[in-house]
Amino acid sequence: MTETTLGTPAGPAPGLAPSIALGNLPSLPPGIASGEVAGRLSIRHGRLIDPANGIDALLDLHIADGKVLAVGEAPAGFAPDRVLDATGQVVCPGFIDLCARLREPGQEHKGTIASETAAAAAGGITSLCCPPDTAPIIDTPAVAQLITRTAKQAGKARVVPAGALTHGLAGEQLSEMATLRQAGCAVMCQAERPIINTQVLRRAMEYAATFGLTVIMRPENPFLRDNGCAHEGRISARLGLPGIPEAAETVALARDLEVAKQTGARVHFRALSCARSLEKLAAAQARGIAVSADVSAHQLILTEDDLEGFNSQCHLNPPLRTAADRDALREAVRTGLVSAVCSDHQPHEPDAKLAPFPSTAPGMAALETLLPLLLRLVAAGVLDLPTAIARVTSGPAAILGLPLGNLAPGQAADLCVFDPEAKWRVGPKTWLSQGRNTPFWGERFKGRVTWTLLGGQIVHERRR
Amino acid sequence: MPPPNIQLDDQGHLKHFLTLEGLSRELLIKILDKTEGFLGVARQAVKKVPLCRGKTVANLFFETSTRTRTTFELAAKRLSADVLTLNIAASSTSKGETLLDTLRNLEAMHVDMFVVRHAESGAAHFIAQHVAPGVSVINAGDGRHSHPTQGMLDMFTIRRHKGDFSRLTVAIVGDILHSRVARSQLAALRTLGAGEVRIIAPRTLLPAEPESLGARVFHDLREGVRDADVVIMLRLQRERMRGAMLPSEHEYFQLFGLTEERLATAKPDAIVMHPGPINRGVEMDSQVADGPRSVILEQVSNGIAVRMAVMALCIGTQNRLAQVDAHD
Amino acid sequence: MSATEIYADAAALEAVIARMGTALQDKLTQRGIIDPLMVGIHTGGVWVAERLHRILMLDEPLGVLDISFYRDDFSRIGLHPQVRPSHLPVEVDDRHLILVDDVLQTGRTIRAALNSLFDYGRPASVMLAVLVRRGWRELPIAADVTGLDLKQELDRDGSLQVKLTGPDPLALVLGHRQG
């Protein structure tokens with residue numbers, strides 16, 4: 001099998017003092033409500049793909065006490081409570097989604113932690129990072145703890161809240177990052193809000209670097225974005241939609257890269273959308289700047305042409321760009337320049353998309369299409385299956401700096417068993433997310449999750 | 001796969017009129033031919049034909065426009081329809097009522113046709129996708145996207161003066177970026193096979209990839225109108241100065257304002273058009289606007305006939321569809 | 001439609017129209033009308049009217065009327081595929097009009113034509129001249145001058161189509177609707 005490429009390992013830039021250790025930090029966000037006992041399980045006859053350990057082989061997997069007990073032969077005397085027959089199926093680490101909005105607290109009419117983590121489990125996602133633009137914003141420990149507590153009660157997925165990089169995401173005052181870290185925020189993030197004052201950005205990155213905190217940025221210059229709602233190009237010219245030029249992304253990316261270099265902060269860029277950004281990212285990595293990046297899965301499939309007929313389900317931010325950009329993103333995912341693929345899940349109530357295109361809310365519900373979209377890329381020969389899986393397991397785990405996405409013995413038994421040949425149609429009978437805003441509604445897909453295990457517990461099982 | 005054209009019924013008849021894109025040359029010519037017939041109605045003592053008697057047309061103006069609203073109103077009245085004009089910009093949307101709520105309320109009053117003007121691109125498409133079957137939607141301008149009746153009245157005016165499109169050089173001058181009128185004209189000129197189409201503007205008033213609209217790009221007015229048969233001036237919104245797109249009206253007029261002297265490079269029999277209302281001394285001087293080559297007022301009269309033709313075609317299609325349903 | 005047959009050929013029709021001319025002249029004289037305005041209905045009516053206009057040697061140009069906008073079947077079949085501009089060269093107010101059509105059957109076309117004419121003004125009088133008269137009237141409309149009547153045995157079934165083709169040569173064609 002081929003060696004899967006991981007993204008640039010995240011770590012403090014060389015030559016900097018070691019970051020201050022923060023005590024009392026949970027190594028893993030909680031997944032299962034305490035008190036439940038995870039059983040002993042064997043998963044037999046599956047194709048085990050564990051990119052972190054370079055495994056792609058027909059191997060059994062044995063689980064006890066919520067952890068991986070053994071790979072291959074069962075230890076002598078191991079008596080599983082249940083055996084899952086994974087013949088013809090793929091067994092891999094549970095997916096880790098770096099960006100999924102759960103809409104709770106604040107926008108429960110779009111989704112709740114319970115509804116969206118259930119959708120995540122159905123999509124094979126066992127850990128997800130939620131951006132801080134909830135209401136209230138995740139800039140106090142109370143909000144972070146509310147989210148992790150509610151997620152634990154729901155028990156469907158580990159939820160990693162991203163702390164606000166600035167107070168109220170206003171881009172003016174630093175948030176209490178160390179406190180947020182202790183409350184469970186593994187990373188700091190500015191969501192979609194700009195930091196106009198570059199001095200504030202510099203201080204924020206410096207402060208985050210003090211504690212070895214990864215900063216997630218969505219590079220976008222608000223002035224160049226203006227009121228744009230579509231890629232500035234052929235389609236926006238024809239449909240008369242206000243455009244978002246590539247420079248809206250690349251100008252912000254260039255600034256943020258320089259500030260990252262200046263401060264030595266570990267910076268991760270969310271949702272790159274165009275080829276020119278990838279050039280900048282590659283050059284920065286070559287210069288030794290500790291930066292990584294991800295793309296949203298739909299950016300690897302759809303293009304600006306999908307806006308034809310003013311399809312508001314394709315109103316996304318960043319916008320869908322050209323086929324050439326999409327191809328460049330695909331190549332970057334293949335080589336590992338881009339080390340993670342996200343769902344960028346944004347559930348909405350139906351009304352949010354029922355308006356003239358520019359007035360609709362951007363974003364799509366995407367937890368449940370993450371795997372099938374990746375499998376489309378595999379079927380199209382863009383990625384091999386282990387690489388595709390690496391981009392949603394070991395890749396994002398390294399960015400979060402959490403011991404996830406790895407099925408070595410002793411690791412948490414967060415895993416996904418999927419049937420790569422199972423056909424299904426996106427529709428009311430198959431869909432769990434409260435948001436039905438997807439351009440793929442009604443479409444047929446290949447590849448469906450059979451079991452999702454979180455800490456050794458089955459949190460999703462496909463009814464047959 | 002391109003989405004099906006929601007403007008047409010399954011036999012290719014016009015059901016909604018949202019954009020000129022995706023309409024065949026035959027259909028555009030049919031609209032122009034029908035317009036010839038409707039032009040005569042204005043010369044009757046009773047300027048009215050009973051085609052749409054008993055039909056109700058609602059003018060939904062989410063963006064104010066006196067001229068377009070008036071010509072649509074007249075067109076509907078000359079077809080004997082009952083006309084309801086709603087200036088929604090000021091009323092319901094500010095109370096939190098959604099566009100769909102407004103639509104549903106009017107549908108409950110058994111409106112047969114909506115004429116929609118909206119500040120956002122795609123608004124007419126959105127409404128057409130959500131109206132009840134049997135109701136037609138005419139786009140009276142949506143954002144920067146499309147203003148198809150204006151596009152057709154301009155084509156009608158050009159055809160009356162110049163005939164065959166394939167031999168014509170048409171120059172469109174001004175704010176192409178924000179102009180739904182220009183987009184409709186460009187779509188129509190592409191479909192009707194105009195000889196050469198040019199767009200003339202500073203870069204700040206051009207969209208990305210302007211050549212993809214099927215036109216040659218010029219930044220110099222004299223060069224752009226050289227040997228042109230038709231010169232179309234676009235309206236310049238004053239907001240463009242505030243958006244840092246232009247330094248001043250003064251400099252704009254110096255470079256892109258049409259004067260008799262700058263028109264000298266065009267063909268001697270060139271016609272000058274403008275969708276109105278004109279900013280005199282910004283887009284063109286009065287000498288040109290009121291001069292012998294200006295057909296601007298004729299555009300207004302033609303506008304009513306074009307709108308009658310389009311409304312009659314759409315209502316006619318709905319009538320036929322209703323008839324088919326009744327027989328099923 | 002299929003199985004068409006010629007009912008009257010050009011020579012026969014020209015003779016019929018000549019006789020109509022004479023009859024029209026008699027009516028005009030009888031009523032003391034000296035300068036009538038002739039209006040043909042698109043398309044066949046115009047062909048007949050052109051000939052009558054020549055025979056009567058009228059000074060005013062011939063008017064042409066398209067009744068598409070006034071048809072009562074718009075609500076059933078939509079806009080007629082062939083809309084041509086109407087053209088009335090002079091004011092109709094207080095004028096004596098001669099309306100000319102090819103075939104008079106239900107009377108609906110004439111109803112539409114009268115409505116259309118009255119939207120141009122208030123004529124002093126309107127006479128109707130038709131080339132062919134047949135049964136199946138649905139409105140109380142009668143012609144002042146008729147060229148010929150369709151044979152009764154042919155007109156037993158309302159589905160028989162009678163159509164004037166032209167303009168040169170003219171022919172009156174019968175068609176049987178199939179199915």
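**Entry 1: burial and a pair in chain A**

I note first that buried means under 20% relative accessible area, exposed over 50%, and partly exposed in between. The model I am reading is predicted. I looked up Arg101(A) and found a relative accessible area of 6%, so this residue is buried. Glu192(A) has 27%, so I put Glu192(A) down as partly exposed.

I then checked how these two residues stand to each other. Arg101(A) and Glu192(A) form a salt bridge, with 4.0 Å between the closest N and O atoms.

**Entry 2: a pair in chain B**

In chain B I looked up Arg222(B), which forms a salt bridge with Glu261(B). Their closest N and O atoms are 2.8 Å apart. Arg222(B) sits in helix α7 (residues 221-224), and Glu261(B) is in the loop between α9 (249-256) and β9 (271-273), 39 residues apart. I noted Arg222(B) as partly exposed, at 36% relative accessibility.

**Entry 3: a pair in chain C**

Next I turned to Arg51(C) and Asp168(C), a salt bridge with its closest N and O atoms 3.4 Å apart. Arg51(C) belongs to helix α2 (residues 44-56), and Asp168(C) lies in the loop between β7 (160-165) and β8 (171-176). This pair links parts of the chain 117 residues apart. Is Arg51(C) buried or exposed? I found 8% relative accessibility, so Arg51(C) counts as buried. Asp168(C), at 65%, counts as exposed.

For the total, I recorded 51 salt bridges over all chains.

**Entry 4: strand β2 of chain C**

I stayed in chain C and looked at strand β2 (residues 37-41), where five of five residues are buried. Leu37(C), Val39(C) and Ile41(C) point one way from β2(C), and Met38(C) and Gly40(C) point the other way.

Which strands pair with β2(C)? One is β4 (residues 96-104), parallel to β2(C) over four bridges. Here Met38(C) stands opposite Ile98(C). Another is β3 (residues 63-65), also parallel, over three bridges. Leu65(C) in β3(C) is the bridge partner of Ile41(C). I followed the chain from β2(C) through α2(C) to β3(C) and wrote down a right-handed β-α-β crossover. Helix α2 of chain C is also where I had found Arg51(C).

Key
Residues are numbered from 1 along each chain as its sequence is written. Chains are lettered from A and ligands numbered from 1 in the order in which they are written. This is a predicted model: local features need pLDDT of at least 70, side-chain atom pairs count only at pLDDT 80 or more; totals for chains, interfaces and linings use all residues. Side-chain values use heavy atoms; hydrogens and water are left out. A salt bridge is a side-chain nitrogen of Lys or Arg within 4 Å of a carboxyl oxygen of Asp or Glu. Buried means under 20% relative accessible area, exposed over 50%, partly exposed in between (1.4 Å probe, protein chains only). Helices (H or I, at least four residues) and strands (E, at least two) are DSSP runs, numbered from the N terminus. Two strands pair if DSSP finds at least two bridges between them. A crossover is right-handed if, with the strands pointing away from the viewer, the path from the first strand over the helix to the second runs clockwise.
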